[in-house]
Amino acid sequence: MVVERKERIVSIEEAVSVIKDGDVVGLSGSVLFNQPAALARAVIQKGVKDLTLVMLTGGLVSDMLIGAGCVKKVVSTYMGIQDYAPICPNFQRAYMEGNLAYWECDFQHFHCTIKGAQWGMPYLLTKAGIGTDICRINPDLEEVEVDGTKWIKVPPTPIDVSLIYASKVDPYGNCIYEGSVFAEFILANATKRAIIVQAEEIVPNEYMRRDPRVVILGGPTRADYVVDVPYGAHPDEGPKYYAHDSEHVKEYVKAAKSPETFKEYLDKYVYGCKTQAEYLEAIGGITRLLTLRQSMI
């Protein structure tokens, strides 16, 4: 008996409808690369609250979710926007005011907490951080001794839903990356309820079968929901498609310096844009998009 595969392409509204208040949400990418910005704007429009964000390194997209009041906790190794903002402005303000918890860790601790969730382990052990203040900064990390050897005990962080950027995705949720891959694979593997992928391009399954070795997310870790969103990482970079929008990033950082000016930013670029097409017009339309695309040449 041959079972017919089901296509997984949905609207962006249908995709984010699975996210609930209080969910633990994985975010793909790093700082200004591979960020699911379009999905994040849809989450803000939906009005979801009390999320825990889990990402290798945070950036503009996670900071936008924090500034919009969607987030209660962050699990990440770093929260900044390179030289534009060494510390994300909304993150810094929320943390300093006591409105945001930060599960600070190093790269090895991050991988342990995600892989522990994937494998259903009560904890994983690593030597990373021995002799430092990491356990004082993050009380969930505990220094233990096993047979005379010191280790740091890292608890798991199970993920409910992951929001993931990809270059090319087929209708069945198999994903290809044209640029660097960060924590996308381990986040997807640790996700319990739904993997949501926004794609620059939807390609036929035959494209994937030409060389299955380049498929990063596929099989049991393929997307549950696929959303077709060209330029969906903007203002971040879509590797091999367009560069990050430095002028828009500067505009964002300036707006995020106060709650009042950030509200104006959200009104203009999030609440005021009901579709991705409207958003692309708001950020400068075809002229701006061609400039960003040509800058990758």
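## How the helices are described

Axes here are lines fitted to C-alpha atoms, for helices over the stretch in contact, with angles running from 0 to 180 degrees between N-to-C directions. Helices (H or I, at least four residues) and strands (E, at least two) are DSSP runs numbered from the N terminus.

This is a predicted model, in which local features need pLDDT of at least 70 and side-chain atom pairs count only at pLDDT 80 or more, while totals for chains, interfaces and linings use all residues. Residues are numbered from 1 along each chain as its sequence is written, and side-chain values use heavy atoms, leaving out hydrogens and water.

## Helix α2 and its two partners

Let's start with α3 (residues 60–67), which packs against α2 at about 5 degrees with the axes 10 Å apart. The two are therefore roughly parallel (angles under 35 degrees; over 145 is roughly antiparallel, 65 to 115 roughly perpendicular, the rest oblique). In contact (heavy atoms within 4.5 Å) are Ala37, Ala40, Arg41, Val43 and Ile44 of α2 with Val61, Met64 and Leu65 of α3.

With α10 (residues 259–271), α2 (residues 37–46) makes an angle of about 110 degrees, and the axes are 10 Å apart. This pair is therefore roughly perpendicular. Arg41, Ile44 and Gln45 of α2 meet Leu266, Tyr269, Val270 and Tyr271 of α10.

## A look at Asp23

Asp23 sits in the loop between α1 (12–16) and β1 (24–27). Its relative accessibility is 5%, so Asp23 counts as buried (under 20% relative accessible area; exposed is over 50%, partly exposed in between, with a 1.4 Å probe and protein chains only).

Beyond its neighbours within four places in sequence, Asp23 has contacts including Asp50, Thr52, Asp160 and Arg193.
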